[in-house]
Amino acid sequence: MSLLSLPVATLGAPRIGPRRELKFALERYWAGKISEQQLQEDASGLRAANWARQSSIGITIIPSNDFSLYDQVLDTSVMVGAIPEIYDSKGESVSLTTYFAMARGSQCDDHDPSVGPGLRGSGAPAQEMTKWFDTNYHYMVPEFHKGQAFRLRSHKPIEEYDEAKALGFQTRPVLIGPVTFLKLGKSADSSFQPLSLLDDLIPVYIEVLHELAKRGASWVQFDEPCLVLDLDEAARKSLLHAYNRLVKEAPAIKILVASYFGALGDNLDTALNLPVSGLHVDLVRAPELLDQIIADSRADLVLSLGVIDGRNVWRTNLSSLRQRLEPAIAKLGKHRVQLAPSCSLLHVPVDAELETKLTSDVKSWLAFSVQKMRELVILARALAGDQNVGQALADSECAVTARRSSPKIHDANVALRMRAVDQKMRRRASPFARRSEIQRVRFGLPAFPTTTIGSFPQTTEVRIARAAHAQGTMSDEQYDRFLKEELARAVSWQEDVGLDVLVHGEFERNDMVQYFSEQLAGFASTSNGWVQSYGSRCVRPPILFGDVVRPKPIAVEWWRYAQSLTRKPMKAMLTGPVTILNWSFVRDDLPRSEVCRQLALAIRGEVRDLEDAGAAMIQIDEPALREGLPLNRSEWNAYLDWAGDCFRICSSGVSDQTQIHTHMCYSEFNDIIGAIAAMDADVISIETSRSKMELLDAFTKYRYPNQIGPGVYDIHSPRVPGTSEMKELMVLALARLQKSQLWVNPDCGLKTRTWEEVRPALANMVDAARELRAASDPQNH
């Protein structure tokens, strides 16, 4: 018997490269500094390195087509020809120009034949983007319509299989499953059900399967994470129907259906009855599934057991996991079992060995993608009886035990503060109706007040200065002077362009979560712990390992300096507790609700200090509120209760005349509007430009009483929208809400854009607000 008698698989690997090589290649290409050929060569090199890395570690089932230049759902839209007419040139293949236009918006040459007519001249906006299930990864939302025709427009899965094979790697191609793909999409016709297109879509998948089988692929992985959602009977029947057709019409290749991010719940029978050769289950999020699938699965069904956490960075106690798995594998038989992470490793950084500045104890607690693959290989060897892995098992157990008992984890004073939280700390002194009148008199703002979400472009000069300061080649005094000069220019420009409420630009902040985590006890920050958020956008989630303490004020001095430069209101900018929680790798020894309340108390102290310093408007951003929502509706209320409670704890310690703002991203609000209202922020800004203000419908139906800034400028695209475009969006908002409720602002912060884009866009936004004022009150204009 081979010591590696259990196959070891990865469902997908990080594609950005150990040092964000993909990000830099993409941005050079978009800037016109490298050719399409060079970009493709760089991408090919990253894929080759990924396959080689996995092979050298000992992974025996290596994925292909898990790489993407932007997003795997966008890749699927292009593959099946689900390309909105505005982008489409109707050719056989899809150009890279069209691909990136769908992702980022575009303005192309009037005579470019490779793109659809909508991209020429003034260009077209990007497709809508939203979060991938409950992760911080973003995908491009597919668009469907009645009578949609599908055909194979991209051979990417086939080409990347061939590419791997030519390098000597036999891979298992990965495809987004047809049911999940359709369920992730949207239609302009709200009565249209995308699942009705299933029979038109499946032939494209069958064509891909035939092509892969011809080239020697023996297995294909179909990702169907929709299996962990609350599916109705029609969706379950669609899954059974789809895979009956795929297996029947492409019998030469075996299919593994991968579910992840949770339990199968009421969909378990459907999953086990799919006529496929393999099924992957997430045993990290849903450990109870192991006994269920042992009892109920077919004797010939291969089971991929997701036993290593693909969503968090903590090392696994391999000895304990081996003891748990041994009896299960004995019942199933080794020929039926594969070991795998719970999900794609896209959601964790590449390699913890690149971290040179973490303390040795914290670093010993961590496992990034490379380490998780090694854990799987060690576990497979241990389950095969290999005596040579004894020390590795002992090391993993020692690391887990050391983390649990470390004095860095618990702070008795935090426990005392948690016990002191009472109902008075959870609510504002007066209801919104009274507060809003007090604030109206205090600020004297015009109708449709204009502002931004907080950050301004993080230019090359800002990044160079930050790096120089971190490396010690720029002194504290020099860096402080540089930042103040940047801030002063930003304040002066905002006054010149005519914004009503200003921001300081956040030039001192590397990231809205990382910046605060670096100044709170209980966190560790990485140097190379990058994770893809979307396209070239990468983030370094902080590692929240212990009790949270705010040793000193964080944002007060920067706000104080900014306000000294202007007579206009200067918003103070903070990141909220729920977002810090959801955008961090969080400790797993306490309930998330308790960790979040610790964060709320820390932010509450910062809010109070800002008010004491004179801040009249304080924005507490919660862009990640909805992404933390459990995937199953039965768990929503509990989450929303404690998430809203945490926001109120941090925001309710101020007087009525202090205006609390918040900002949220990518939120479908209909189902959670009551919880948002219960947060009781004076002003909420939301992303609405890509949805053409459709997201405001939830606020209209609910009769939301507080003030709202619906985004009129899509900051995720390099496009500069015109004044008329923004004004039209606000007219759509006015059809839904009262004039007195509305603010005018971009969709999100502007740190990822350039000043060349931001200046004209915000000038147009201010002009749009002025035109709205003139139209709504012509006597005063």
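How many of the seven residues of strand 15 (residues 543–549) are buried? Six of the seven are, so strand 15 is largely enclosed by the rest of the structure. Buried means under 20% relative accessible area, exposed means over 50%, and partly exposed lies in between, with a 1.4 Å probe and protein chains only.

**Before you start**

This is a predicted model, where local features need pLDDT of at least 70, side-chain atom pairs count only at pLDDT 80 or more, and totals for chains, interfaces and linings use all residues. Residues are numbered from 1 along each chain as its sequence is written, and side-chain values use heavy atoms, with hydrogens and water left out. Helices (H or I, at least four residues) and strands (E, at least two) are DSSP runs, numbered from the N terminus.

**Stop 1: around strand 15**

Keep strand 15 selected. Strand 12 and strand 15 pair in the antiparallel sense over three bridges. Two strands pair if DSSP finds at least two bridges between them. Pick Ala521; its bridge partner in strand 15 is Val549.

**Stop 2**

Angles run from 0 to 180 degrees between N-to-C directions; axes are lines fitted to C-alpha atoms, for helices over the stretch in contact.

Zoom in on strand 8 (residues 254–258) and strand 9 (residues 278–282). Three bridges pair them in the parallel sense. Leu256 stands opposite Gly278 in strand 9.

**Stop 2: two helices**

Select helix 7 (residues 198–214) and helix 8 (residues 233–249). They pack at an angle of about 35°, with their axes 10 Å apart. Which residues meet between them? From helix 7, look at residues including Leu198, Ile202, Tyr205 and Leu209; from helix 8, those including Ser238, Ala242, Arg245 and Leu246. Contact means heavy atoms within 4.5 Å.

Now find Ser190, in the loop between strand 6 (186–187) and helix 7. Ser190 is exposed, with a relative accessible area of 72%. The C-alpha atoms of Ser190 and Gln170 are separated by 43 Å, with the two 20 residues apart along the chain.

**Stop 4**

Four bridges join strand 20 (residues 683–686) to strand 21. Ile684 stands opposite Ile708 in strand 21.

**Stop 3: Glu506**

Finish in the loop between helix 18 (476–497) and helix 19 (514–517), the place of Glu506. Leaving aside neighbours within four places in sequence, Glu506 is in contact with Gly454, Ser455, Gln458 and Met573. Glu506 is buried yet has no salt bridge. A salt bridge is a side-chain nitrogen of Lys or Arg within 4 Å of a carboxyl oxygen of Asp or Glu. The nearest side chain of opposite charge, Arg509, is 4.1 Å away. Lys and Arg count as positive and Asp and Glu as negative; His and the chain ends are not counted.
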